[in-house]
Amino acid sequence: MAECYPGSVIEKNALSSGEFLRGMFNGSKGLVMSQIKDFTGLNQSAIQNWINRSWLSHPTAKKYNIDQVARILIINMLRRTMSLENIAKLLFYLNGVAGDKRDDVINESELYEYICDMEAETDGADGVDGLIEKVAANFSERRAGDREKLKTTLKIIRFNMVAQTNISYAEGLLKEIKIGDNA
């Protein structure tokens, strides 16, 4: 299977994650549900459920802004290895109530770019902590403690990304098993 941008069904190409996300909004003030369904593979009822549970803010004039779309991509990416309740808890820990920017540590679109940057890197000699320091090097705190919240969130996300990779690898191996074949 081709590699896709995190949380989407769109195959990666020469665009960076930021270019991919911002590119969806070129000439547009937002995306409508049908567009979100097309590039995430989600159905409308799933997204509506997230809105009803306050995990995602309501669209404005039926259009989702870049941070709402990034949040959808993040939730969609993590739901393979985390429960929706734990994803909501993690996003609340980082940014408080969905749609209320006053308590945010970081915009969801920036968080999505950090996640994609982590995906593109290996942990290297400095491990996960070194990777997170590298990815979030330009992050500027709004309030004391914001950097630590971001680092904790990114660490949780990174471990889930690794888990997803391992699950995919194990599923690939499982597909190769032939039952009843003694060869």
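**Figure 1. Leucine 56 touches Ile47, Trp50, Ile51, Tyr64, Gln68, Arg71, Ile72 and Ala98, not counting residues up to four places away in sequence.** Contact here means heavy atoms within 4.5 Å. The view comes from a predicted model, in which local features need pLDDT of at least 70 and side-chain atom pairs count only at pLDDT 80 or more, while totals for chains, interfaces and linings use all residues. Residues are numbered from 1 along each chain as its sequence is written, and side-chain values use heavy atoms, with hydrogens and water left out. Leucine 56 belongs to the loop between helix 3 and helix 4; helices are DSSP runs (H or I, at least four residues) numbered from the N terminus. With a relative accessible area of 2%, leucine 56 is buried (buried is under 20% relative accessible area, exposed over 50% and partly exposed in between, using a 1.4 Å probe and protein chains only).

**Figure 2. Serine 54 and alanine 61 each have a positive phi without being glycine.** Zoom in on the loop between helix 3 (44-52) and helix 4, and you will find serine 54, whose phi is near 65°. Alanine 61 is in the loop between helix 3 and helix 4 too, and its phi is near 55°. Is alanine 61 buried or exposed? Alanine 61 is exposed, at a relative accessible area of 70%.

**Figure 3. Arginine 71 is a buried residue of helix 4.** Helix 4 covers residues 66-78, and the relative accessible area of arginine 71 is 5%. Which residues does arginine 71 contact once its neighbours within four places in sequence are left aside? They are Trp55, Leu56, Leu91, Ala98 and Glu108. Asparagine 107 is 36 residues from arginine 71 along the chain, and their C-alpha atoms are 9.3 Å apart.

**Figure 4. Helix 4 crosses helix 5 at roughly 135°.** Two packed helices are described by the angle between their axes and the distance between the axes. The axes of helix 4 and helix 5 (residues 84-95) come within 10 Å; each axis is a line fitted to C-alpha atoms over the stretch in contact, and angles run from 0 to 180 degrees between N-to-C directions. Helix 4 is therefore oblique to helix 5 (under 35 degrees is roughly parallel, over 145 roughly antiparallel, 65 to 115 roughly perpendicular and the rest oblique). The crossing is right-handed, a label for a near helix turned clockwise from the far one by less than a right angle, with anticlockwise giving left-handed. Arg71, Ile74, Ile75 and Leu78 of helix 4 meet Leu84, Ile87, Leu90 and Leu91 of helix 5.

**Figure 5. Helix 6 packs against helix 7 at about 130°.** Their axes are 10 Å apart, and the two helices are oblique to each other. Which way does helix 6 pass helix 7, in a left-handed or a right-handed crossing? The crossing is right-handed. On the helix 6 side, Tyr114, Asp117 and Met118 meet Leu131, Ile132 and Val135 of helix 7.

**Figure 6. Leucine 131 sits buried in helix 7.** Helix 7 runs over residues 127-135, and leucine 131 has 2% relative accessibility. Beyond four places in sequence, leucine 131 touches Met118, Glu121, Thr122, Asp123 and Arg158. From C-alpha to C-alpha, leucine 131 is 9.3 Å from lysine 155, which is 24 residues away in sequence.

**Figure 7. Helix 6 and helix 8 pack at about 45°.** Helix 6 (residues 108-120) and helix 8 (residues 146-176) have axes 11 Å apart, and the two are oblique to each other. Their crossing is right-handed. Leu111, Tyr114, Ile115, Met118 and Glu119 supply the helix 6 side of the contact, while Leu150, Leu154, Ile157, Arg158 and Met161 supply the helix 8 side.

**Figure 8. One aromatic pair is found in a search of the whole structure.** The ring centres of tyrosine 5 and phenylalanine 20 are 4.0 Å apart and the planes lie at 5°, so the pair is stacked (rings of Phe, Tyr and Trp, the latter by its six-membered ring, pair if their centres lie within 6.5 Å; planes under 30 degrees apart are stacked, over 60 edge-to-face and the rest tilted). The pair links distant parts of the chain, 15 residues apart: tyrosine 5 comes from the segment before helix 1 (17-23) and phenylalanine 20 from helix 1. Both residues, tyrosine 5 and phenylalanine 20, are buried.

**Figure 9. Lysine 149 places its charged end over the ring of tyrosine 93.** The distance to the ring centre is 5.5 Å. A charge sits over a ring if NZ of Lys or CZ of Arg is within 6 Å of the ring centre and within 35 degrees of the ring normal.
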